[in-house]
Amino acid sequence: MCPAADGMTGVIPQADPARRLGRFRSEIDQALKRVLDSGRLLLGPETAAFEQEFAAYLGGGEVVAVASGASALTIALTALGIGSGDEVVVPALTAVPTAGAIHRAGALPIFADVDPLTRNLDSAALGAAIGPRTRAIVPVHLHGMPADMPAILAVARRHGLAVIEDCAQAHGTSLGGRMLGTFGHAAAFSFYPSKNLGAAGDAGAIFTADAVLAARARRLRAHGLDDHGIAAETGETGRIDEMQAAILRVLLPHLDAANADRRRIAGEYSAALAGSGIELPPEFPTANYHQFAVALDRRDEVRARMAQAGILTGIHYPRALHQHPAFKSAASLPVAERLAARLLSLPIQPEVAEARAAQIAAVLLRSLRS
Ligand SMILES: Cc1ncc(COP(=O)(O)O)c(C=O)c1O
């Protein structure tokens with residue numbers, strides 16, 4: 001929950017997606033009117049146009065827009081034939097839905113430790129997690145920082161595994177001149193409101209260069225039905241609604257500028273906190289800085305002091321995945337566990353953090369010392 005706009009309370013929220021939408025309010029109002037006037041509420045012309053526009057943004061291929069990022073992951077896994085009896089390796093430090101979606105596809109998530117600097121899947125740990133039942137890898141580009149795709153793809157090729165990139169936090173990040181999402185067999189994007197490309201509710205998308213996979217994903221998002229209303233397999237209620245698609249079409253042309261703003265704010269934080277002993281995220285020139293998470297001792301104390309000073313922060317995420325009871329895992333993955341106990345996400349959304357990085361960094365340093 002975001003607090004009231006900081007202009008009214010003096011509080012700087014960690015994120016405020018409604019303010020981002022507010023910047024484009026008149027275009028969004030027109031887009032919503034267009035949808036309501038059309039009478040078409042689900043999977044209509046706005047969805048088709050957004051799919052084409054987002055595919056073009058990613059450099060070609062097909063986009064299948066769906067109801068959420070979690071739906072995108074589950075549908076992509078199922079469309080790739082992954083299900084009961086299969087194992088899928090995921091980094092232990094990510095959002096719960098990365099692994100929840102694997103469960104919903106009927107497969108078992110296997111957790112691998114992460115690299116302490118990038119906080120993304122460690123390729124040596126990935127290799128060690130692969131067994132005879134492994135069918136796929138879901139690398140996550142956590143906080144918008146690219147995972148080591150060349151190393152992950154090499155492991156996947158060696159073992160004949162599918163790769164589904166979790167791009168829920170990676171809109172517009174590129175690696176070696178290629179957009180994240182285009183490295184694997186498929187990718188899942190989330191447009192949850194606080195994402196770099198965020199809707200006014202839940203929405204998501206699958207990207208793939210494989211037309212057969214895309215066609216199956218299109219059926220799976222609508223109960224498995226084909227154009228004649230016949231189901232060869234069952235699917236889910238995974239449709240995107242036309243209002244979200246229309247809003248995403250308004251925001252997509254502004255994504256690169258927003259990411260550039262985030263990179264600039266991240267650079268200001270890095271400069272202000274350099275030499276403080278605080279562990280900073282890597283400076284990566286094409287990362288989208290979905291989050292700027294520092295790693296600290298006494299994180300919760302520092303967080304409380306910052307909140308008292310009117311600066312709200314986030315925790316992404318409070319536990320590593322194998323530490324959640326839902327996954328019934330006995331694994332011990334020390335890097336992910338240590339990061340989960342120490343990471344603190346500073347405000348980075350341009351609408352709340354612009355021109356305030358120095359102030360926020362000063363409050364962090366003061367809170368750390370007191
Ligand atoms: C890394 C990651 N994967 C998956 C998801 C799931 O996306 P959604 O909330 O749109 O289902 C999220 C968003 O919460 C996420 O951050």
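Is His 143 buried or exposed? The close-up views below start with that residue in this predicted model, then move on to a surface patch and the ligand.

View 1. Welcome to the first stop: His 143 sits in the loop that links strand 4 (134–137) to helix 8 (149–159). With a relative accessible area of 5%, His 143 is buried, because buried means under 20%. Setting aside neighbours within four places in sequence, His 143 is in contact with residues that include Asn 288, Tyr 289, His 290 and Gln 291. Also among its contacts are Gln 169, Ala 293, His 316 and Leu 343.

**View 2. A nonpolar patch on the surface.** Here you can find Leu 36, Leu 41 and Leu 42, which together form a nonpolar surface patch with about 270 Å² of accessible area. Leu 41 belongs to the loop between helix 3 (25–38) and helix 4 (45–58). This residue, Leu 41, counts as partly exposed, at 46% relative accessibility.

**View 3. The residues around the ligand.** Take a look at the 14 residues around the ligand: Gly 69, Ala 70, Asp 166, Gln 169 and Ser 190 come nearest.

**View 4. Polar atoms facing the ligand.** A polar backbone atom of Gly 69 lies 2.8 Å from an oxygen atom of the ligand. For Lys 195, a polar side-chain atom is 2.9 Å from a ligand oxygen atom. In the side chain of Thr 98, an N or O atom is 3.4 Å from a nitrogen atom of the ligand. On its own the ligand has 380 Å² of accessible area, and the protein covers 88% of that.

Definitions and conventions:
Residues numbered from 1 in each chain as written. Predicted model: local features only at pLDDT ≥ 70, side-chain atom pairs only at ≥ 80, totals over all residues. Heavy atoms only, no water. Helix = DSSP H or I, 4+ residues; strand = E, 2+ residues; numbered from the N terminus. Buried < 20%, exposed > 50% of the residue type's maximum accessible area, 1.4 Å probe, protein only. Contact = heavy atoms within 4.5 Å. Patch = residues over 30% accessible without salt bridge, like charges linked within 9 Å, V, L, I, M, F, W, Y side chains within 5 Å. Areas by Shrake-Rupley, 256 points an atom, 1.4 Å probe, with all protein chains shown as cover. Salt bridge = Lys/Arg side-chain N within 4 Å of Asp/Glu carboxyl O. Near = heavy atom within 4 Å. Polar contact = N/O pair within 3.5 Å; in protein donor to acceptor, adjacent residues only side chain to side chain.
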